[in-house]
Amino acid sequence: DNKVEELYIVGIATDYCVKASALDALKDNIKTYIITDAVKAVNQTAGDDLKALKELEDKGATLVSSHELLKPSSVK
């Protein structure tokens with residue numbers, strides 16, 4: 001309803017909440033970015049975080065680090 005075109009996701013439970021939110025956004029054709037150094041997994045089974053991130057990337061999410069999003073200041 002708010003015409004969201006891009007979504008940047010951070011948070012806990014990469015393998016649950018983050019994954020579910022990203023999948024919902026992707027279903028709605030929203031360009032979805034997962035900020036990988038700002039998420040944390042439950043990892044009930046070792047590697048659940050990596051599986052979740054791979055699935056999200058395979059479905060169209062872009063994995064980025066916060067450093068990639070920071071731009072040098074243009075103030076002189």
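Three salt bridges are present in the predicted model. A salt bridge is taken as a side-chain nitrogen of Lys or Arg within 4 Å of a carboxyl oxygen of Asp or Glu. Side chains of opposite charge can pair when their charged atoms come close. As this is a predicted model, local features need pLDDT of at least 70, side-chain atom pairs count only at pLDDT 80 or more, and totals for chains, interfaces and linings use all residues. Residues are numbered from 1 along each chain as its sequence is written, and side-chain values use heavy atoms, with hydrogens and water left out.

One of the salt bridges joins lysine 19 to glutamate 55, with an N to O distance of 2.9 Å. This pair links distant parts of the chain. Lysine 19 belongs to helix H1 and glutamate 55 to helix H2, 36 residues apart. Helices (H or I, at least four residues) and strands (E, at least two) are DSSP runs, numbered from the N terminus. Lysine 19 counts as partly exposed because its relative accessibility is 22%. Glutamate 55, at 26%, also counts as partly exposed. The classes are buried (under 20% relative accessible area), exposed (over 50%) and partly exposed (in between), with a 1.4 Å probe and protein chains only.

The surroundings of lysine 19 include residues of other parts of the sequence. Neighbours within four places in sequence aside, lysine 19 is in contact with Ala13, Thr14, Ala52, Glu55 and Leu56. Contact means heavy atoms within 4.5 Å. The C-alpha atoms of lysine 19 and isoleucine 9 are separated by 9.4 Å. These two residues are 10 apart along the chain.

The side chains of lysine 27 and aspartate 24 meet at 3.7 Å, N to O. Both residues lie in H1, 3 residues apart, about one turn of the helix. Lysine 27 counts as exposed because its relative accessibility is 63%. Aspartate 24 is partly exposed at 44%.

Helix H2 also holds a pair of this kind. Lysine 54 and aspartate 58 form a salt bridge at 3.0 Å, N to O. They are 4 residues apart in H2, about one turn of the helix. Aspartate 58 counts as exposed, at 54% relative accessibility.

Aspartate 48 is also part of helix H2. This residue is buried yet has no salt bridge. Lysine 51 is the nearest side chain of opposite charge, 4.2 Å away. Charges are assigned by residue type: Lys and Arg positive, Asp and Glu negative, with His and the chain ends not counted. Beyond its neighbours within four places in sequence, aspartate 48 is in contact with Asp15 and Asn43.

The fold was examined next. The protein holds 3 helices and 3 strands. From the N terminus on, the order of elements is β-α-β-α-β-α. S1, H1 and S2 make a right-handed β-α-β unit. Here right-handed means that, with the strands pointing away from the viewer, the path from the first strand over the helix to the second runs clockwise.

Strand S1 (residues 6-12) and S2 run parallel and are joined by 6 bridges. Two strands pair if DSSP finds at least two bridges between them. Glutamate 6, in S1, stands opposite lysine 31 in S2. Glutamate 6 is partly exposed, with a relative accessible area of 42%. Its contacts, apart from neighbours within four places in sequence, are Ile30, Lys31 and Tyr33. Threonine 36 is 30 residues from glutamate 6 in sequence and 16 Å away in space, C-alpha to C-alpha.

The largest nonpolar core has 9 residues: Ile9, Val18, Ala22, Leu26, Ile34, Val39, Leu53, Leu56 and Ala61. Such a core is a set of buried Ala, Val, Leu, Ile, Met, Phe, Trp, Tyr and Cys residues joined through side-chain atoms within 4.5 Å. Helix H1 (14-27), strand S2 (31-40) and helix H2 (48-58) each give two or more residues to this core. H1 gives the most, with 3 residues. Alanine 22 touches Ile9, Thr32, Ile34 and Leu56, not counting residues up to four places away in sequence.

Overall values complete the description. The C-alpha trace spans about 50 × 30 × 20 Å along its principal axes. Of the 76 residues, 29% count as buried. Among contacts between residues at least 6 apart in sequence, 76% join residues at least 24 apart.
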